[in-house]
Amino acid sequence: KNAHLNINTGGLSMIIKVDIDVKEIEKFSANMLVVHMIKEALRNYDKEYFEHLYIVNNLAPNIFTFSVSGFDVFKTNQANTHFITEKGLKVFIQSADYKFIAILHNSLLKKKKYKYKSTNFILKSSKLLREEKFEQSETVIIKTISPILVTDKDRKAINFKDEDKFKKCFNYMCNNLTQNFLNRNLYKEIDIVQIEAKTTLRSLMIHDNKYTFECNHGAFKLSGDKNDIEFLLEVGLGSRRSQGFGMVKRIF
C-alpha cells in the first residue's frame, strides 16, 4: 500500500471527527460499523482508490487507526441484542497519510446515509481537526484513545504484565509498520513502559463471529528514535489498528 503514500511530516496532526446519528447498534458491532462506513464512503467517492486499498492490497496493513465511543455495554435493549446509543456514536480517525485523510474526509462529506447489517445510520457531521504536534522527542508519554492490542506470531494477545514478551512483540509489530510504509526498519528499538495502565477485554463481531481480545489501556512511556515515534503515534500502535485499536494521544 505504500506506492501511493503521502506521509505527513508537517507540524499538524490531521484527524477526522465524525458524529453518527444512531439510536441502537447490534452488540459488539460498533468497530465494524465504522469499518463499513469508511469502505462504503471511499467506494462511493473514489472507486479506484478504494480498490487500491481494499482489493489490490487487501493483505497489506492499512495506514490509519480510529476510536469509537458512545455505547455502553451495560445498556441494552429488552431483547439484549443491541447496545443503546442515545446520543449517537463519536468516531475519531487518524492517519500518517494526508492523502488518505483528504480523500476520506471528502468521501464522508458526500455520503451521509448507511446501512450496516440491520442498522441504518446517518452521518450528522464530519470535521477535519488540525491539531498542533508536540516537538519531536525521543521520550514521550501517551494515553490510549482506543486500547492497544499486542499479539505474538501465533496471534495470541500479550499484555504489558508479561514485560519482556510484551516489549519484544510490540517492537516486532512497530518494525512491521515502518517496513511496510517507510521501507525501512526501526532506527532504534522502542522501549515501552506502563505508567498507569490496565488490561481490558474488547469484543468484536466479525462476519457474525464474536472475537474477544485482551488489550492494554491507559498511559505509557515510549522511548526510541524521535522519527519512529512520531510516525507510529499517527498510524497507531499494535494490531487491528484499522478495526479501531491502537489510537493514542501524546500528552507529554
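Q: Why is Lys-167 called buried in this predicted model?
A: Lys-167 has a relative accessible area of 19%. Buried means under 20%, so Lys-167 counts as buried.

Q: What makes the contact of Lys-167 with Asp-191 a salt bridge?
A: The N to O distance between the two side chains is 2.9 Å. The cut-off is within 4 Å for a side-chain nitrogen of Lys or Arg and a carboxyl oxygen of Asp or Glu, so the pair qualifies.

Q: Why is the pair Lys-167 and Asp-191 said to tie together parts of the chain?
A: Lys-167 lies in helix H4 (residues 163-182) and Asp-191 in strand E9, so the pair links parts that are 24 residues apart in sequence.

Q: Is Asp-191 buried, exposed or partly exposed, and why?
A: Asp-191 has 30% relative accessibility. Buried needs under 20% and exposed over 50%, so a value in between is partly exposed, and Asp-191 is classed that way.

Q: How do you know that Lys-133 and Glu-234 form a salt bridge?
A: Their closest N and O atoms are 3.4 Å apart, and the limit is within 4 Å. Lys-133 lies in the loop between E7 and strand E8 (139-144), and Glu-234 in helix H5 (residues 226-235), so the bridge ties together parts that are 101 residues apart in sequence.

Q: Why are Lys-133 and Glu-234 called buried?
A: Lys-133 has a relative accessible area of 16% and Glu-234 has 4%. Buried means under 20%, so both residues count as buried.

Q: Which residues are linked with Lys-133 in a network of salt bridges?
A: The network links Lys-133 with Glu-230 and Glu-234. The structure holds eleven salt bridges.

Q: What makes Lys-117 and Asp-208 a salt bridge?
A: The closest N and O atoms of Lys-117 and Asp-208 are 3.4 Å apart, against a limit of within 4 Å. Lys-117 sits in the loop between strand E6 (113-116) and strand E7 (119-132), and Asp-208 in the loop between strand E9 (191-206) and strand E10 (209-223), so the pair connects parts 91 residues apart in sequence.

Q: Why are H1 and H2 called oblique to each other?
A: The axes of helix H1 (residues 30-45) and helix H2 (residues 47-56) come within 5 Å and cross at roughly 135 degrees. Roughly perpendicular covers 65 to 115 degrees and roughly antiparallel starts over 145, so the two helices are oblique.

Q: Which residues make the contact, and how do they divide?
A: Among them are Ile-38 and Leu-42 of H1, and Phe-50 and Leu-53 of H2. The contact residues divide into seven nonpolar, no polar and three charged.

Q: How do you know that E8 and E10 are paired?
A: Five bridges join E8 to E10, which run antiparallel. Pairing needs at least two bridges, so E8 and E10 count as paired. Ile-142 stands opposite Phe-220 in E10.

Q: What makes E9 and E11 edge strands?
A: The open sheet of four strands has the order E9-E10-E8-E11. E9 and strand E11 (248-250) each have a single partner strand, so one side of each lacks a neighbour in the sheet. The twist averages 30 degrees from one strand to the next.

Terms used. Residues numbered from 1 in each chain as written. Predicted model: local features only at pLDDT ≥ 70, side-chain atom pairs only at ≥ 80, totals over all residues. Heavy atoms only, no water. Buried < 20%, exposed > 50% of the residue type's maximum accessible area, 1.4 Å probe, protein only. Axes fitted to C-alpha atoms, helices over the stretch in contact; angles between N-to-C directions. Parallel < 35°, antiparallel > 145°, perpendicular 65-115°, else oblique. Contact = heavy atoms within 4.5 Å. Nonpolar A, V, L, I, M, F, W, Y, C, P; charged D, E, K, R; others polar.
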